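Please read this short briefing alongside the model. It covers a cavity and a set of salt bridges.

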Amino acid sequence: MGIFYAIVMLSIFLPGYSAIPGSIDKLPIAIVNDDAGDYGAEIANQLQKSLPFKNIETGLSNKEAIKELEKNDVALVVHIPKTFSENLQMGDTAANIDFTINEAGATVVSSTMDSVVAEINNQISTQFSQQTAQNILMNFNVPEEQAAELSNKIETAYAGNVVKINEIPDGMHHNMLPMFLTMSVYIGAMIGALQLVGAFKNNLGKASKKRLFIYVQLTALLIAVVSSLAGTGVTFLVNEPSGNLFFSILGQQILNYMVSFNFTAIFIFLIGDSGMILNLPILLIQTIANGATVTREMMYLPYEWISYISPMYYSVQAYFAGLYGSISPSPFIWSLVLIGVISMSVNILIVKFLHVPFATEEMVARGKIESVENEAEVTV
């Protein structure tokens, strides 16, 4: 087992994280040019050619692009305002370009976009300062006061305006909270599934399979409520989120537990305790495929495929939306519910068709007594 998990863990983590920064170019961004002059079109064309992104959307309005950004469908919105060329030519006011980043998403995306925006700003600032200087220096022998004024215009010709929406409070514990909330429940549910399914199998024959299965689900629900109260309490002690989020976090934690319990119980119902050999690698894959660090666009195909059926992915995205975002977490919650319903249905089918009650010692002893009595009656 030591050899097995060493190979499995490194084989999952190392390729998964090798997508950073190699797959950065897969991130979608939007460039919106509202400038009425020529400079905006020139900048937009240059950005499309020079930026290291393969998927650049240019047909959106600024309002549409911001909505896409809020849903994390694009990673960056570059907006060139209507008065950009006019401000640049007048020189009285700095010509601004707005770069909008959504922090309520994968940590790699926001940090990468910060670096990209800084590089873009440096290039554009240098370019326009050189152009402005070239135009000014064509006039030699200008008075000292006028030269100082023109020098100031060069310095303030361009300014990049970085706008961050859905800002996350300082501290890595805030960035990682959606992932930690999800993982704490998932691991607890996986261990709970091992214990409760074991109890189910040990009691086969003492009650109907239907009743035992209901007992298992009710016990899991009880554990979900108690453990979620404890986990939510720790979250509020350390991270101090808004008080009105208490019941939404608690409710999602309970839902996470029940979905994760039935999801991980499938292999244990199917092949017994050995199902943990499959559950642990699936857990490790989901630590990358949950979207907390790497977005779905950046993932290699196996991780991306897993994300579509992963309870952890939809839980993490729901927490980002609910805790820090400006969109409803409902689509992710309903996806989580769907996975839970399908997982429970699979478990019901496994219990119905594959689990046969085995005879206990008491039943065997009772069977021997009855056979002896029957034999005695035949003899008589």
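**Cavity and salt bridges**

The lining of the largest cavity is made up of four nonpolar residues, four polar residues and no charged ones. Here Ala, Val, Leu, Ile, Met, Phe, Trp, Tyr, Cys and Pro count as nonpolar, Asp, Glu, Lys and Arg as charged, and the others, Gly among them, as polar. This is a predicted model, in which local features need pLDDT of at least 70, side-chain atom pairs count only at pLDDT 80 or more, and totals for chains, interfaces and linings use all residues. Residues are numbered from 1 along each chain as its sequence is written, and side-chain values use heavy atoms, with hydrogens and water left out.

**The cavity**

- The structure has one cavity of 30 Å³ or more (a cavity is a set of points on a 1 Å grid over the protein atoms alone where a 1.4 Å probe fits but cannot get out, and lining residues have an atom within 4 Å of a point).
- The volume of the largest cavity is about 30 Å³, where a volume is the space filled by probe spheres set on the grid points, which are joined across faces, edges and corners.
- The largest cavity is lined by Thr 182, Val 185, Asn 256, Ser 260, Pro 311, Met 312, Ser 315 and Leu 336.
- Two or more lining residues come from each of helix 9 (177–202), helix 11 (246–271) and helix 14 (311–324) (helices are DSSP runs of H or I with at least four residues, strands are runs of E with at least two, and both are numbered from the N terminus).
- Helix 14 contributes the most to this lining, with three residues.

**Salt bridges**

- Side chains of opposite charge can pair when their charged atoms come close.
- The count is five salt bridges (a side-chain nitrogen of Lys or Arg within 4 Å of a carboxyl oxygen of Asp or Glu).
- Lys 54 and Asp 25 form a salt bridge at 3.3 Å, N to O.
- Lys 54 lies in the loop between helix 3 (38–50) and strand 2 (56–57), and Asp 25 in the loop between helix 2 (19–22) and strand 1 (29–33), so this pair ties together parts that are 29 residues apart in sequence.
- Lys 54 is exposed, at 69% relative accessibility (buried is under 20% relative accessible area, exposed over 50%, partly exposed in between, with a 1.4 Å probe and protein chains only).
- Asp 114 and Lys 164 form a salt bridge at 3.2 Å, N to O.
- Asp 114 is in helix 6 (residues 107–137) and Lys 164 in strand 5 (residues 158–165), so the pair joins parts 50 residues apart in sequence.
- Shared partners link the salt bridges of Glu 68, Lys 71 and Asp 73 into one network.

Methods:
1 Å grid on protein atoms, 1.4 Å probe; cavity = no way out; pocket = protein on both sides within 12 Å on 5 of 7 lines; lining within 4 Å.
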